[in-house]
Amino acid sequence: MSIEPTSKDFKGNAHRALNDPNLQKAMGFVRVGFIEKRAVAAAGLPEFEALRDSAREIKDHTLAHLDLYIEQYEKKVVEAGGTLHFARDAAEAREHILAICKAANAKIVTKGKSMIAEEIGINAHLEANGMTPVETDLGEYIIQLRGEIPSHIIAPAVHVTQDQVEADFRRVHTHLDPKRDLTEPASLLGEARAVLRDRFLTADVGITGANFLIAETGTSVIVTNEGNGDLTQILPRVHIVLASIEKLTPTLEDVSQILRVLARSATGQEMSVYTTFSTGPRRPGDPDGPEEYHVVLLDNGRSSMLGGAFEEMLRCIRCGACMNHCPVYHAVGGHAYGWVYPGPMGAVLTPSLVGVDKAGHLPNASTFCGRCESVCPMRIPLPRMMRHWREREFERNLAPAVARSGLGLWAFLARRPKLYALATRAAIWGMGRLGAKKGRFASLPLAGGWTKYRDLAAPEGETFQARWKRERGGR
Amino acid sequence: MTSARDDILAGIRRSLGVSGSERIRRQAVEERIERAPRGVIPARGQLDAAGRADLFRARAEAVQATVEVLSRPDLVPLAVASYLRVNNLPAAVRIGADPYLVAMPWENTAVEVNHGRSDGHDLTSVSHATAGVAETGTLVLTSGETNPTTLNFLPDNHVVVLRSADIAGDYEAVWARLRKAHGKGTLPRTVNFITGPSRSADIEQKLLLGAHGPRKLHIVLVENG
């Protein structure tokens, strides 16, 4: 019941996205907000670049010893009175969660923001079993009302305009006065706060994700701004942490290093408002906190990424900086990527998790401008890994026939410099003659994708190589 | 059938090309957990006590917390009473049972003081922070018998009392202190790092305060005692 990827239809998805005025309006806010805030935050901390190196080293060390850190973490979770459930894949994770919820006689299940919950499609599974999952992060709540998946990993409703939120609230909150004023974002937030407050207080089980799992202490860490994750994990009788294996981090000090680059890269804050460290269930004498504390630890394909070309992707801390800085993401938004993880990190991770046959198009959704890698706090070489996927897609004959034969022809010529020079000279000469009058082409065979949206400038009759030879050849 | 646990660990070991019993790897893990190396510590928080208090205040105010400084703890109840009055709030607070707060002369004010966890009906709570971190104006609150976590999230207004002497330069200094108090490898059930009042920018990237947690965060710094 996980979401079926539509990544194969990236081209169609992107085309629809480019023609969606609401989406284009909403994406305008992404282009300006995140980039400047991150730049200011990074510049404000002289040690920022050194901390990026430190964070990378911590994760590399952890991944190289992941089996042992998981064992250590397990020991500490059990010592603190918690229960650790291992899940090989999405289906096993769903079954663990359902079993815990059933044992707790759960009717309402509140949820903090979790990308893993999206990855395993837990909401649909709980609903199918008669329970009511309630998203409590404002952005997640909005998209749950709309029946959508997140379009951004930290700002899930970034594709939705304020007017759309107002329409959704009016459609769903029918118990409220239809004439109420919702023209201000603050009134929308106030309404969500009031509606969800009641859910927090009546929920039987709370599910959160985790930004980190700490081996030293058996602790789960969530990082949020709204406080919804905390209300989700302290109010219900049962707390379930849903996290994947690469969230392991050795010590409290190691987490502190990564925290210094996380919020700065994500939202440009120095620290998110709430960073919460939870260890086991409530202790004897504690006036509040959950009575049961469960961790569902998910693999779902990650263990096979270790030791291979995509291992470095497991350093990702889900800050969203790569998509905030990606011109392709800016243009088409997150839904075009067709699965849970969008943007450059999604273009690398999705083929690893769902298969290159289902998501091979995504690594092509890149201009290779390199901004993603330049801002990645964990220094993940995203463009290089997208190139890896392109090679694998080509090797496995998954690329379209036109692209394959075109590339084949180009490769044939490129290996024969004299023939290449001759062919290009002839083509440029011909195009120069044909386009000499207007100086541009409004349409051109084999280049319809280009000329449909803009003219192609006509060459002036000489190739670059020929001109180089003529002007600089004497030196 | 093998268990999911064993399968996952075996899968990790297969990918890494290890058996899991290599002494050198086990030592590396034990040593890292034992030593807990501190990594890169920003210079910004490495100041004397007065410098740390100033930086803490500046960073907290930069994230929309309000800060007032008192010279002694016995002045806190009057300051809280005045905060409630100025903000048009009912003269009632919930304070858990923290001994530092309970020992204050609340009887000198007309403020009604309730104890224990919050059920969501309190407008204002008062907590005692275990520590502050100058680097980012962050408060550190720890749960326990006398410090309910619900007070940090349910009320609309959160007043946090922090002794200046408890302001550290960086997070790592706080971990060192907590280890001393609770033992190596053990934490209080909940440790909350709080940096400003609750907020959301989920609607068109516009920053709004008071999403699900407190709308206002007021920090009372006590200089002596």
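Me: What does helix α6 (residues 171-182) of chain B lie across?
Reply: Helix α6 of chain B lies across β5 (131-133), β6 (138-142) and β8 of chain B. The helix runs at about 160° to β5(B). Keep in mind that this is a predicted model.

Me: Which sheet do β5(B), β6(B) and β8(B) belong to?
Reply: They are part of an open sheet of 8 strands with mixed pairing. The order is β8(A)-β5(A)-β6(A)-β9(A)-β9(B)-β6(B)-β5(B)-β8(B).

Me: What makes β8 (248-249) of chain A and β8 (167-168) of chain B edge strands?
Reply: Each pairs on one side only. For chain A, the partner is strand β5 (residues 212-214), and β5(A) and β8(A) pair in the parallel sense over 2 bridges. Two strands pair if there are at least two bridges between them, so these 2 bridges meet the cut-off. Within this pair, A:Ile214 stands opposite A:Thr249.

Me: How do you know that strand β9 (residues 274-278) of chain A and strand β9 (residues 190-194) of chain B pair?
Reply: Count the bridges. There are 5 between β9(A) and β9(B). Pairing takes at least two, so the two strands count as paired. The sense is antiparallel. One position to look at is A:Ser278, which stands opposite B:Thr190 in β9(B).

Me: How many residues are in contact between chain A and chain B?
Reply: 78 residues of chain A are in contact with 62 residues of chain B. On the chain A side, helix α10 (residues 185-202) gives the largest share, 8 residues. By class, that side has 35 nonpolar, 26 polar and 17 charged residues.

Me: Why is A:Arg260 called buried?
Reply: A:Arg260 has 28 other C-beta atoms within 10 Å. The cut-off for buried is 20 or more, so A:Arg260 qualifies. A:Arg260 lies in helix α12 (residues 252-266) of chain A. The C-alpha atoms of A:Arg260 and A:Phe212 are separated by 13 Å, and the two residues are 48 residues apart along the chain.

Me: Why is A:Asn105 called exposed?
Reply: A:Asn105 has 10 C-beta neighbours inside 10 Å. A:Asn105 is found in the loop between α5 (90-103) and β2 (108-111) of chain A.

Me: What makes the phi of A:Asn105 worth a remark?
Reply: Most residues other than glycine have a negative phi. A:Asn105 is not a glycine, yet has a positive phi of about 55°. B:Ala36 is also not a glycine and has a positive phi, of about 45°. B:Ala36 is found in the loop between α2 (23-35) and α3 (49-62) of chain B.

Me: Is B:Ala36 buried or exposed?
Reply: Buried. B:Ala36 has 20 other C-beta atoms within 10 Å.

Me: How do helix α8 (residues 138-146) and helix α9 (residues 162-172) of chain A cross?
Reply: Their axes come within 10 Å and cross at roughly 65°. The crossing is left-handed. A:Ile142, A:Leu145 and A:Arg146 in α8(A) meet A:Val165, A:Asp168 and A:Val172 in α9(A). By class, this contact has 4 nonpolar, no polar and 2 charged residues.

Me: What does the domain assignment of chain A give?
Reply: The assignment gives domain 1 (7-303) and domain 2 (404-472). The C-alpha centres of these domains lie 50 Å apart.

Notes: Residues are numbered from 1 along each chain as its sequence is written. Chains are lettered from A and ligands numbered from 1 in the order in which they are written. This is a predicted model: local features need pLDDT of at least 70, side-chain atom pairs count only at pLDDT 80 or more; totals for chains, interfaces and linings use all residues. Two residues are in contact if their C-beta atoms, placed from the backbone, lie within 7 Å. Helices (H or I, at least four residues) and strands (E, at least two) are DSSP runs, numbered from the N terminus. Ala, Val, Leu, Ile, Met, Phe, Trp, Tyr, Cys and Pro count as nonpolar, Asp, Glu, Lys and Arg as charged, and the others, Gly among them, as polar. Axes are lines fitted to C-alpha atoms, for helices over the stretch in contact, and angles run from 0 to 180 degrees between N-to-C directions. A crossing is left-handed if the near helix is turned anticlockwise from the far one by less than a right angle, and right-handed if clockwise. A residue is buried if 20 or more other C-beta atoms lie within 10 Å of its own, exposed if 12 or fewer, and partly exposed in between; C-beta atoms are placed from the backbone. Domain bounds come from an automatic or database domain assignment.
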